[in-house]
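This briefing covers sheets, a loop contact, salt bridges and a surface patch. Please read it alongside the sequence and the model.

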Amino acid sequence: MASSSLFIRLSFSFAYHLFFLLLPSAAQVIPCRTSCGGIPINYPFGIDDGCGSPYYRRILVCSDSGQLELRTPSGRYPVRSVSYSDPHILVSDPFMWNCQDGDAFRPTRPFSLDTSTHFSLSPQNDYLFFNCSEDDVIVEPKPIFCERFPDRCDSSCDSASYLCRHLPECASALGGSSCCSYYPKATESLRMMLKYCASYTSVYWRSSGVNPPDDQVPEYGIRVDFDIPVTTRCLQCQDTNKGGGSCGFDTQTQDFLCLCGQGNATTYCKDLSVGHHKSIGVIAGTATAVSVAGVVGIGAGIWYLIKLRKKAPVVCGVQSNENRLF
């Protein structure tokens, strides 16, 4: 009786584990998410591995709280909006100065981008630096200084900047603190400026859409421009007449894949001349070998127990050394 009870328990355990081992993994059933925090996620971006272009792999992150963030070497920054028609991302840097700080400057750190990516800081950004040491930084009205020293014009921080005189949203927030405008050409020059200045902030010029080109409005934030890699295969994949798939890539090889509802194709969803990957979903190449091995291992164990049970002599339900299974 004990062996029969044990056999039943083992059989139930096998069926239980087999059920979960045969379930598709999360990566296979979750499609490419198309938004995060109300911000649309389109090609070339993806917040699930294998979606979008491999050039932007793991660059955008959707946090547990549903906040879209940009990942850079200097940290993770909240994304305010993404434009695909005029390709750029607007991000906020919580370490930068804001109107609420006034003249109480907090410790800050320089914002930086990975130069190996297809991102670049937009020339529409202006950077304002506060309380800089005039012994170490050239703080001068730029028009006058450039006229006197044209060869050193780019190295000066403009104390006559329009934005310094008209701070967006809080014109008088600085009190008696000094302000100058300077566009750092590299992260290292930004680090050097912050070494001799109390803090800084970034202002970008947003188009209001009224009476262009005189419709630029200054707002706090960082505009990051990006490129959209356009390939024939991606255009074919997205073509609704050819299945309307999503452009993605193999997470193992980073080769192009067209992500379709019934599997992943190397061309487009309705291309019958090529085979489709059997794994349905986002991440191509998801390994199921562990699940298969688990099923085979458990099945082999149960088969061996059945074989032993058939050979074991029955002695009126009494377990002896001859019929003991364990």
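Two strands pair if DSSP finds at least two bridges between them. Helices (H or I, at least four residues) and strands (E, at least two) are DSSP runs, numbered from the N terminus. By these terms, S4 and S5 form a hairpin with two residues between them.

The model is predicted: local features need pLDDT of at least 70, side-chain atom pairs count only at pLDDT 80 or more, and totals for chains, interfaces and linings use all residues. Residues are numbered from 1 along each chain as its sequence is written, and side-chain values use heavy atoms, with hydrogens and water left out.

**Six-stranded sheet**

- An open sheet is formed by six strands in the order S3-S4-S5-S6-S14-S7, with antiparallel pairing.
- Its edges are S3 and strand S7 (119-121); each has a single partner strand, so one side of each is left without a neighbour in the sheet.
- On average, neighbouring strands of this sheet are turned by 40° against each other, direction ignored; axes are lines fitted to C-alpha atoms (for helices over the stretch in contact), and angles run from 0 to 180 degrees between N-to-C directions.

- Strand S3 (residues 60-62) and S4 run antiparallel and are joined by three bridges.
- Within this pairing, Leu60 has Leu70 of S4 as its bridge partner.
- The hairpin of S3 and S4 has five residues between the strands, and Gly66 takes a positive phi near 85° there.
- S4 and S5 also run antiparallel, joined by four bridges.
- Arg76 in S5 stands opposite Arg71.
- S4 is mostly covered, with four of its five residues buried; buried means under 20% relative accessible area, exposed over 50%, and partly exposed in between (1.4 Å probe, protein chains only).

**Ser74 in the S4-S5 loop**

- The loop between strand S4 (68-72) and strand S5 (75-83) contains Ser74.
- Ser74 counts as buried because its relative accessibility is 15%.
- A polar atom of the Ser74 side chain lies 3.1 Å from the backbone nitrogen of Ser112. A polar contact is a pair of N or O atoms within 3.5 Å; within protein, one must be able to donate a hydrogen and the other to accept it, and residues adjacent in sequence count only if both atoms are side-chain atoms.

**Three-stranded sheet**

- Three strands form a further open sheet, ordered S15-S16-S17 and paired antiparallel.
- Strand S15 (246-249) and strand S17 (263-265) are the edge strands, each pairing on one side only.
- Neighbouring strands in this sheet are turned by 40° against each other on average, direction ignored.
- Four bridges pair S15 with strand S16 (residues 256-260) in the antiparallel sense.
- Gly248 has Leu257 in S16 as its bridge partner.

**Salt bridges**

- Side chains of opposite charge can pair when their charged atoms come close.
- A search of the whole structure finds 10 salt bridges, each defined as a side-chain nitrogen of Lys or Arg within 4 Å of a carboxyl oxygen of Asp or Glu.
- One of them joins the side chains of Arg58 and Asp49 at 3.2 Å, N to O.
- Arg58 is partly exposed, with a relative accessible area of 48%, and Asp49 is partly exposed, with 22%.
- Asp49, Arg57 and Arg58 are linked in a network of salt bridges.
- Asp101 pairs with Arg106 in another salt bridge, where the closest N and O atoms are 2.9 Å apart.
- Asp101 counts as buried at 14% relative accessibility, whereas Arg106, at 28%, counts as partly exposed.
- A salt bridge also joins the side chains of Glu188 and Arg191 (3.3 Å, N to O).
- Both Glu188 and Arg191 lie in helix H5 (residues 187-196), three residues apart, about one turn of the helix.
- Glu188 is partly exposed, with a relative accessible area of 47%; Arg191 counts as partly exposed at 42% relative accessibility.

**Nonpolar surface patch**

- Ile228, Val230 and Leu235 form a nonpolar patch on the surface, with about 270 Å² of accessible area together.
- Patches are made of residues with over 30% relative accessible area and no salt bridge: like charges are joined within 9 Å, nonpolar side chains (Val, Leu, Ile, Met, Phe, Trp, Tyr) within 5 Å.
- Accessible areas come from the Shrake-Rupley method with a 1.4 Å probe; for residues, only the protein chains shown count as cover.
- Leu235 lies in helix H6 (residues 232-238).
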